[in-house]
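Biologist: Hi! Here is the one I'd like to go through with you, bit by bit.

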Amino acid sequence: MSLNSVARLTGVVAVLYASPVMVFAQSESHANLQAVTSTGTSAWEAPEAPFNPPVTIRGVLLCNPDEMLDSSPDFLPWNNGANQFRLGGEWQVALQAIDAGDRGGTFCYMAQNYGNRPEKHNDDFSYANEAWVAEVLRLSHDPGTMRKFRAGDLVEVTARQALFYGGKRNVNEGHDTDPAFNFELRLVTADYGLPGPETIELAEVMQPGGVASDRSTWLPIFDQTRATGAERYQGTRVRLNNLTLVSANGWNPTNTWANRLCTVTDGADRFFSLRHPRYSLGETPTNLFDAIGVFNQESGSGGQGTNGYELFVQQIIPQTAPSLGAAQVIALTWPVSGAVYQLEHRLDLNSADWVPVTNAPVVIDGLNTVLAPPTAYPRQVYRLRKTN
């Protein structure tokens, strides 16, 4: 399918692209790209942008392109400060290292209205709505096959700019619409598979102490070497166990990124942030639960990066299984065999994408058995996809 066809199907203006041009690039590891100093700032020696040659990193996409941020076009002019920091559409994905000897992950980000940033104040640095839609389509689809990227795909990212902010180095455009700063994603292996989440406790990433209502008092465990503590897990898929929800103000998929934060504790005077995705996770947990998602950092600063750790949540697992009422949980089974299958579901009947169910199957009486997670949707559609 051509990109024009994709554009027509999504109801936006079709845009023609030239065939991809062979680019000579230098590969880089996530571990090197995300190396930090004693204050949590970037220790990576970045070449002058645009990078020449460009830098490439490989990894597995940990989310679909629409899970984290709303990319809907919303051009807002500079307008003498009235729209300061109003960035319009935003796009972001995270990918995790898979190569031997590498560890960690990297976020790729872009926004529509760079001209509203305080150092710009100029609409020439923003995308008009049609141009923004074209950029989102370009980044959300493999340029060779026009297949839409999804979680579990192995991809290669070509970067010509990467800025440090919030405690991590992000592949981005340097807040500039000049194509010289573009980054691209290329599909290496479709449905490569999500990495198994590393199971951790809050005690491994947070110190006791602090006040639940004041994030500035929370005490992360920071290790510059990334051998321990919160830095070790940044950009990776984890399962954070034994949580209790303290504040559910952000438990809403329709909220903005900034307003989808919730607070959890391990009951031992440690507190942590969970960020809700743009799809429903079901009802707020009332008992102990585990959360699977992408370990992230948002320190809110370009000058330090030792705090602001959080989990971008993709799945909630209650520790006390609900009663087997049809409205609460579904037990799914299939025969054990030599073939490997991935259980996937659609968030509702009209959803376009299949989402992996990350609960590991348990063998019971010769059958693989999975308790499907609770959902706020009235119906769910499941499928088994053969992975080998």
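Biologist: What's the strand order in the open sheet of three strands?
Modeller: The order is S19-S18-S22, and the pairing is antiparallel. Strands here are DSSP runs of E with at least two residues, helices are runs of H or I with at least four, and both are numbered from the N terminus. Two strands pair if DSSP finds at least two bridges between them. Keep in mind that this is a predicted model: local features need pLDDT of at least 70, side-chain atom pairs need pLDDT 80 or more, and totals for chains, interfaces and linings use all residues. Residues are numbered from 1 along each chain as its sequence is written, and side-chain values use heavy atoms, leaving out hydrogens and water.

Biologist: Good to know. How many bridges join S18 to S22?
Modeller: Six bridges join strand S18 (residues 341-346) to S22, and the two run antiparallel. Arg 346 stands opposite Val 381, and Gln 342 is opposite Arg 385.

Biologist: And over how many bridges do S18 and S19 pair?
Modeller: Two, again in the antiparallel sense. There, Glu 344 faces Pro 356 of S19.

Biologist: Switching topic: how many aromatic pairs does the count come to?
Modeller: Nine. One of them is Trp 44 with Phe 51, an edge-to-face pair at 5.8 Å centre to centre and 70° between the planes. The rule is that rings of Phe, Tyr and Trp (its six-membered ring) pair with centres within 6.5 Å; planes under 30 degrees apart are stacked, over 60 edge-to-face, and the rest tilted.

Biologist: Is that Trp 44 buried or exposed?
Modeller: Trp 44 is buried, as its relative accessible area is 11%. Phe 51 is buried too, at 4%. The cut-offs are under 20% relative accessible area for buried, over 50% for exposed and partly exposed in between, with a 1.4 Å probe and protein chains only.

Biologist: Why does the pair of Trp 218 and Phe 271 count as stacked?
Modeller: Because their ring centres are 6.2 Å apart and the planes are at 25°. Trp 218 lies in the loop between strand S10 (206-207) and strand S11 (219-220), while Phe 271 is in strand S14 (residues 271-275), so this pair ties together parts 53 residues apart in sequence. Both Trp 218 and Phe 271 are buried.

Biologist: Which residues form an aromatic cluster?
Modeller: Tyr 233, Phe 272, Phe 295 and Tyr 309 form one.

Biologist: Where does the charged end of Lys 168 sit?
Modeller: Over the ring of Phe 107, 4.9 Å from its centre. Lys 120 likewise lies over the face of Phe 125, at 4.3 Å from the ring centre. For this, NZ of Lys or CZ of Arg must be within 6 Å of the ring centre and within 35 degrees of the ring normal.

Biologist: Back to Lys 168: what stands opposite it in S7?
Modeller: Tyr 165 does. S6 and strand S7 (residues 168-171) pair antiparallel over four bridges. They form a hairpin with two residues between them, and Gly 166 in the turn has a positive phi of about 75°.

Biologist: Now helix H3. Why is it called largely enclosed?
Modeller: Because nine of its 12 residues are buried. Among them are Trp 132, Leu 137 and Arg 138.

Biologist: What about Ala 128? Where does that one lie?
Modeller: Ala 128 is in the loop between S4 and H3. At 46% relative accessibility, Ala 128 counts as partly exposed. Its C-alpha atom is separated by 8.8 Å from that of Leu 76, which is 52 residues apart along the chain.
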